[in-house]
Structures are given as C-alpha cells and as structure tokens.
Amino acid sequence: MAAPGENLRIDGQRLWDSLMDMAKIGPGVAGGNNRQTLTDEDAEGRALFQSWCEAAGCTIGLDQMGNMFAQREGTDPDALPVYVGSHLDTQPTGGKYDGVLGVLGGLEILRTLNDLDVKTKHPIVVTNFTNEEGTRFAPAMLSSGVFAGIHTQDWAYAKTDAAGKTFGDELKRIGWRGDEEVGARKMHAFFELHIEQGPILEAEGKAIGVVTHGQGLSWTQVTVMGKDSHTGSTPMPMRKNAGLGMARILEKVDEIAWSHAPHAVGAAGHIDVYPNSRNVIPGKVVFTVDFRSPDLSVIEDMEARLKVEAQKICDDMGLEIAFEKVGGFDPVAFDEGCVNAVRNAAERLGYSHMDLISGAGHDACWVNRVAPTAMVMCPCVDGLSHNEAEEISKEWATASADVLLHAVVETAQIVG
C-alpha cells in the first residue's frame, strides 16, 4: 500500500488547544484533572468530545458499556474500519494527557484529513473507552475488557465504587449507556497513542516510542498474621511483628525483580497495617505485590519464588501467611504489521524513535486479542504520570500525533 507523503502533518496548535480545553473539565486541585469515570465531569467531557466529532462530520456510536465511536466514512462500504483512540477518564489526581492525548490525537487525524480533503478506503473510527483507569470501578481497562470478551457485561455492571454505587447504575445515570452490543464491531486494525508514563524516552532523547510489547502483570495479595501487642512492654524475643515480616518479604520482592533485569519489575503499592497505631506492634498486614514482565515465564517464576521465600520468612518468625491472586494479565506482543507501520511513520517523518515495552496496562492490550494492534508513545517530563504535575510539550504531542496520523492513514489506505 502507498505511504502518505512527508508533508501530511497534523495541526499541532489545534491539538494542543483541544487538550487544554478538555482539561478545563474536571480540574484538579494542583493543575491536573479529576475526571473520574461515570461522574458528571466524565459526562461533560464526553459531550465536548462528541460535539467536536460531529463538527468534523462524524457519526457517533455508543455501546452498552458507554464506549464512544466517532466514524469518518471510507470509500469502500465493505472495508472494515481502522480504529484509533484511548480514554478520557482520569485518576483522582490525574494529569491532562494520560489517555486524553490518544483520543484527541485521533480526532486531530480526522480534522487533518478533512482539511486536506483526503479520502481513505477504510473508514477511520476514533474511540473513547470507558473506565480505563479503574480507580472508581476496578479493574482497569474494564470496558475494553468487555469489548474483547475478557469480562462479561453483567460482571462489569455489578462493579461497585467506594460508596456502593454500581457501574451499571452510574452509566445509566449520566446518560451514556448506548444500545449497541459491546464487541460487535469488527476492526481492520487499532492504534493507540499514549504518553509513556515512564522516563525512558526523555532520558534517551527520543521523540517517539514504538511499542512492540506490553508487560504482563501479576497481583498477589499477601496477608501476614502475627500478634498485636504493646511496642514498649513486649520483649523483643516475644514479638510476632507482622510489619517486620512484611518488610523482609518486600526486600525479597525487590531482590526477585532485580534477578530478572532489565525488564522485570516488582513492588508493593497497596499496604494496610493493623491496627495501625503508634504504640502497637502490627498484628496483621495486607499488601499487594505487583510483578510485571514482558515474559510470561518470568512472571510465573517471580510468583513462585515469592510464595516460597515469603513462607520461609514467616515460618522462621512464627508468623502465619496467606496468598491470593487478585489480578493480572499475560504479556502482549503487538501486531508486527501495525508496529512496522508506526516505525516506518517515524522514519518517514524524520522523528527520532526507539522500540519500547509498555510498563502500564492500556486498552490496546485487550483490543490486541481481537484485532491487529500497535501503540505509539510520547515522552513525558521525568516519566511522571498519574500525578497532577504530569507534563508533555506541544512539540512531543505534535510529533507523536504525526506518527499516529501516518500509521493510521497508511493502514486505512489513501484513495486517489
């Protein structure tokens, strides 16, 4: 298929203005955004996105999970659409770009093609997936998971937030529950643009990340039981300190991850200590160990070693321990053809680039199961994300959207 010409570029200022306009909805307290899924702010952001898509001449589809689809028609009515997109929901203290760059970068593709009166054989569809973040309703990538057949819709609808409200009820309340069957759409290919959420691109001085794989993830919830007792009057030999047991286990988690350098990682981010009082030795701790790697055998090894090492630590200390697998997904290898389209686009446009393995989960990781998929990544300052101080430059946004444009248009095939 013919490649787009080098002069085919998006309007970087228009993309940046759109990002800033969306950021006005659900502002955070420190310059970022709090536009959590299925809130009134989410509904307002969706309405703004829809208005922009309609102004660009798109038809809007909405499925029963609230996933939005803005379609620009192709010249061949029988050709499957090329999809592009990400998510508009944010963390409670989220940045202005995580997910949003991918959705509005997709919209900018359609605007650019309209400006230049470029027609494609395949339709192009810009997608906003519901609840990618998974903050209010766990797990993350919930609606793309239903779309890809990973989760059932009823299971997703029954998910509750901290206030006991269900996903299904809140989706209906904000008015964004569609009639379309989830997953009924067939894709020719799917591309997702996202900020890196890591420091590698900036450190290497590269403008574009060509994502070849997505890390697999394993979450194991560990419960260590000791005996809570007075910190001052309990002799050291008579203590059953669950907190100390956890500390030794977490040191072992770090050691296990390092043994599979450079791509494996491991840590505990969620930790609950009981009774969590200044003068009481912890009698119980509950924490979740997060292991990630692009190699499934490595994840399985890390899981197995965690159980053996942690059990030995607790046996030696007279503590009890229990393990529960509470989440995870296998590593993802993105489609070679789509990855090449991204790499070739960066080469053609003269942008510095490098191959990357995504350390975070993305909607593309689930969609990859049902359609050829690839990702484009944009640097972010200091690799900071899921933080209101998350920042990118207009130049980075423009470069990554240019590459997205070329990869999508090459795949959708220019006519004429």
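## A look through the predicted model

Phe 329 sits in strand E13 (residues 320–329); helices (H or I, at least four residues) and strands (E, at least two) are DSSP runs, numbered from the N terminus. This is a predicted model, where local features need pLDDT of at least 70, side-chain atom pairs count only at pLDDT 80 or more, and totals for chains, interfaces and linings use all residues. Residues are numbered from 1 along each chain as its sequence is written, and side-chain values use heavy atoms, with hydrogens and water left out.

Back to Phe 329: with a relative accessible area of 13%, Phe 329 is buried (buried means under 20% relative accessible area, exposed over 50%, partly exposed in between, using a 1.4 Å probe and protein chains only). Setting aside neighbours within four places in sequence, Phe 329 is in contact with Met 141, Gln 215, Gly 216, Leu 217, Gly 361 and Trp 366, where contact means heavy atoms within 4.5 Å. Phe 329 and Asn 34 are 295 residues apart along the chain, and 27 Å separates their C-alpha atoms.

### The annotated site

UniProt, in an unreviewed entry, puts the feature "binding site" at His 87, Asp 98 and His 194. They span 108 residues in sequence, yet no two of their C-alpha atoms are more than 9.6 Å apart, so they gather at one spot. A word on the record: UniProt positions are given in the numbering used here, feature names are shortened, and annotations may be inferred rather than shown by experiment.

Asp 98 belongs to the loop between strand E3 (82–86) and H3, and is buried at a relative accessible area of 4%. Not counting residues up to four places away in sequence, Asp 98 touches His 87, Asp 89, Glu 133, His 194, Ile 195, Gln 197, Ser 385, His 386 and Glu 390.

His 194 is part of strand E6 (residues 189–195) and counts as buried too, at 0% relative accessibility. Leaving out neighbours within four places in sequence, the contacts of His 194 include Ser 86, His 87, Asp 98, Gly 99 and His 362. Also among them are Met 375, Val 376, Met 377 and Cys 378.

Two packed helices are described by the angle between their axes and the distance between the axes. Here the axes are lines fitted to C-alpha atoms, for helices over the stretch in contact, and angles run from 0 to 180 degrees between N-to-C directions.

Take H2 (residues 40–55) and H3 (residues 100–116): they pack at an angle of about 15°, with axes 10 Å apart. H2 and H3 are therefore roughly parallel to each other; angles under 35 degrees count as roughly parallel, over 145 as roughly antiparallel, 65 to 115 as roughly perpendicular and the rest as oblique. Their crossing is left-handed, a term for the near helix being turned anticlockwise from the far one by less than a right angle, with right-handed if clockwise. From H2, Phe 49, Trp 52 and Cys 53 meet Val 103, Leu 104, Leu 107 and Arg 111 of H3. By class, that contact has 6 nonpolar, no polar and 1 charged residues. Ala, Val, Leu, Ile, Met, Phe, Trp, Tyr, Cys and Pro count as nonpolar, Asp, Glu, Lys and Arg as charged, and the others, Gly among them, as polar.

How do H1 and H3 cross, and at roughly what angle? The axes of H1 (residues 12–23) and H3 come within 10 Å and cross at roughly 140°. That makes H1 oblique to H3, and the crossing is right-handed. Arg 14, Leu 15, Ser 18, Leu 19 and Met 22 of H1 meet residues of H3 including Val 100, Leu 104, Glu 108 and Asp 115.

Most residues other than glycine have a negative phi, and most peptide bonds are trans. Here are some exceptions.

| Item | Backbone value |
|---|---|
| Ala 261 to Pro 262, cis | omega about 10° |
| Tyr 274 to Pro 275, cis | omega near 0° |
| Leu 38, positive phi | phi about 60° |
| Asp 382, positive phi | phi near 60° |

Pro 262 is in the loop between helix H8 (242–258) and strand E10 (265–274), while Pro 275 is in the loop between E10 and strand E11 (280–281). Leu 38 falls in the loop between H1 and H2 and is buried, at a relative accessible area of 0%. Asp 382, in the loop between strand E16 (373–378) and helix H12 (394–412), counts as exposed at 62% relative accessibility.
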